[in-house]
Amino acid sequence: MASSTQEHHLHHLPTPYGTTTAPPPTPSAHSNHNLLSTSEAADSLSRLLHRIPPTLSLSFPGRRQSPPPTTVSSPLISLSDAKSILHSNLLFAAKQHGFFQLTQHSISSHLAQSAESESASIFNDEKQLCFPMNWPLGFDNDEDDDDEVVSGRSICLDESSSMELGFSSIHEFTSQMEKLGLELIEELACAVGFENPVGEDRTRLCSLMWISDTESGSSNIPLSPGRVYPYVVGLNYQIRCRKYSMLADSSWVSVTPQVDSVMVTLGDIAQVWSNGKVKKVRGRPVPITNCEINSGSSNSHCLSMTLLVTLTHENTVSPLLPIKSPSLSEDDDGLGDNDSKTIAVEEESQMFNSFSFEDYAWRVYHERLILKDPLVRYRV
């Protein structure tokens with residue numbers, strides 16, 4: 001499995017939040033190399049400045065509360081539909097929303113419930129000492145200075161770490177959700193019209209299971225998605241009827257997926273691959289606390305599990321749609337054999353510049369306030 005082979009890719013990036021790894025190299029760190037060229041020094045300095053946490057300049061006290069999310073109906077897509085119908089529905093949901101509910105999938109409700117039961121014990125204080133603390137793996141306290149914005153705890157695990165820590169149900173759940181995510185990427189590529197960059201080489205991808213324990217929120221305000229990590233597709237199995245808040249391209253929205261469906265969100269990487277043709281959801285869907293439908297429960301805690309199918313750090317992200325797309329047009333003069341049609345070639349402008357996934361992921365993850373679309377800086 002791809003995720004189990006990528007452990008070393010997730011354990012070497014710098015972070016100012018207490019990791020055990022060293023910070024990125026700077027020009028001064030190579031002072032013993034007197035022959036360092038000006039261009040090399042400039043590149044090193046650029047990478048260092050690019051990784052400075054934007055928190056320093058984006059944290060404003062007393063910021064205003066975001067408007068309430070707009071309640072929308074999430075498109076319903078069945079994997080059992082014929083390919084033509086499936087691709088048509090996928091294309092509509094991707095271009096209009098950036099998220100949808102998936103039915104007729106392969107995920108067992110029993111497996112999902114077993115994984116959730118294991119997850120409930122993770123946030124025991126004594127167990128936290130056993131978990132990896134290498135970015136982005138490990139615990140993170142999703143705390144916010146604004147009392148009205150959600151706060152809670154979350155942990156990020158890859159497939160290998162869940163197995164090493166003895167969480168067999170979480171491990172199997174991660175594996176099955178990853179398979180479903182890879183299938184969806186292939187179908188999405190066919191629907192939108194770009195070549196699937198994964199193909200048979202799944203070492204380019206890895207999967208991260210994000211488990212969150214959310215508390216103290218209100219159904220009237222959009223909840224913070226906590227740490228944000230770039231991804232291709234995100235999957236959230238619906239064990240019970242619950243409302244979610246999501247930061248879509250247009251605005252904050254709230255949705256209530258069906259029980260036993262899989263809530264699928266398209267991420268920033270999928271948007272770049274499609275050259276801007278599909279919409280995205282920034283971060284993970286966040287359960288709105290105290291709102292489980294017909295539950296009658298006053299419990300302020302909501303446990304959620306979201307699998308992110310994402311890239312390994314050495315990848316470069318760029319649009320994958322063909323530069324030229326052929327289309328058929330009738331001969332204007334009516335000449336030609338058997339009313340033949342000519343192929344008109346349409347140029348398609350590239351919407352995004354290529355960029356390093358490693359640098360982009362580090363910056364997005366440490367950006368505590370999502371004031372603007374992080375992809376804006378890469379638009380052509």
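**Close-up views of a predicted protein model**

Of the 380 residues of the protein chain, 51% count as buried, where buried means under 20% relative accessible area, exposed over 50%, and partly exposed in between (1.4 Å probe, protein chains only). This is a predicted model, so local features need pLDDT of at least 70 and side-chain atom pairs count only at pLDDT 80 or more, while totals for chains, interfaces and linings use all residues. Residues are numbered from 1 along each chain as its sequence is written, and side-chain values use heavy atoms, with hydrogens and water left out.

View 1. Helices (H or I, at least four residues) and strands (E, at least two) are DSSP runs, numbered from the N terminus. Take the contacts (heavy atoms within 4.5 Å) with a separation of 6 or more: 77% of them involve residues 24 or more positions apart.

**View 2. The largest nonpolar core holds 81 residues.** A nonpolar core is a set of buried Ala, Val, Leu, Ile, Met, Phe, Trp, Tyr and Cys residues joined through side-chain atoms within 4.5 Å. The members that touch the most other members are Phe100, Leu102, Ile122, Phe173, Ile211, Tyr229 and Leu235. Helix 6 (residues 168–192) supplies the largest share of this core, eleven residues. Zoom in on phenylalanine 173 and, leaving out residues up to four places away in sequence, you'll find it touching Ile107, Leu111, Ala112, Ala115, Met209, Tyr237 and Met305.

**View 3. Helix 6 is largely enclosed by the rest of the structure, because 19 of its 25 residues are buried.** Its length checks out too: at 1.5 Å a residue the helix should span 36 Å, and its end C-alpha atoms are 36 Å apart. (The expected span is 1.5 Å times one less than the number of residues.) Just after helix 6 comes glycine 193, with a positive phi of about 105 degrees.

**View 4. Both faces of strand 10 are covered.** Five of the five residues in strand 10 (residues 262–266) are buried. Val262, Val264 and Leu266 sit on one side, with Met263 and Thr265 on the other. In a regular strand the side chains alternate between the two faces of the sheet. Two strands pair if DSSP finds at least two bridges between them. Strand 3 (residues 99–103) pairs with strand 10 in the antiparallel sense over four bridges, and here phenylalanine 100 has valine 264 as its bridge partner. Strand 7 (residues 233–237) also runs antiparallel to strand 10, joined by five bridges; asparagine 236 is partnered by methionine 263.

**View 5. Four strands form an open sheet in the order 1-9-8-11, with mixed pairing.** Strand 1 (70–71) and strand 11 (281–287) stand at the edges with a single partner strand each, so one side of each lacks a neighbour in the sheet. Strand 8 (residues 244–248) and strand 9 (residues 252–255) pair antiparallel over four bridges, with leucine 247 opposite tryptophan 252.

**View 6. Alanine 270 is found in helix 7 (residues 268–273).** This alanine 270 counts as buried, at 2% relative accessibility. Setting aside neighbours within four places in sequence, alanine 270 is in contact with Leu188, Tyr231, Val232 and Val278. Tyrosine 231 is 39 residues from alanine 270 in sequence, yet their C-alpha atoms are 7.5 Å apart.

**View 7. Which cysteine sulfur is closest to that of cysteine 156?** That sulfur belongs to cysteine 206, but at 8.6 Å it is too far for a bond. A disulfide is a pair of cysteine sulfur atoms within 2.5 Å, and the whole structure has zero disulfides. Cysteine 156 is buried, at 1% relative accessibility, whereas cysteine 241 is partly exposed, at 26%.
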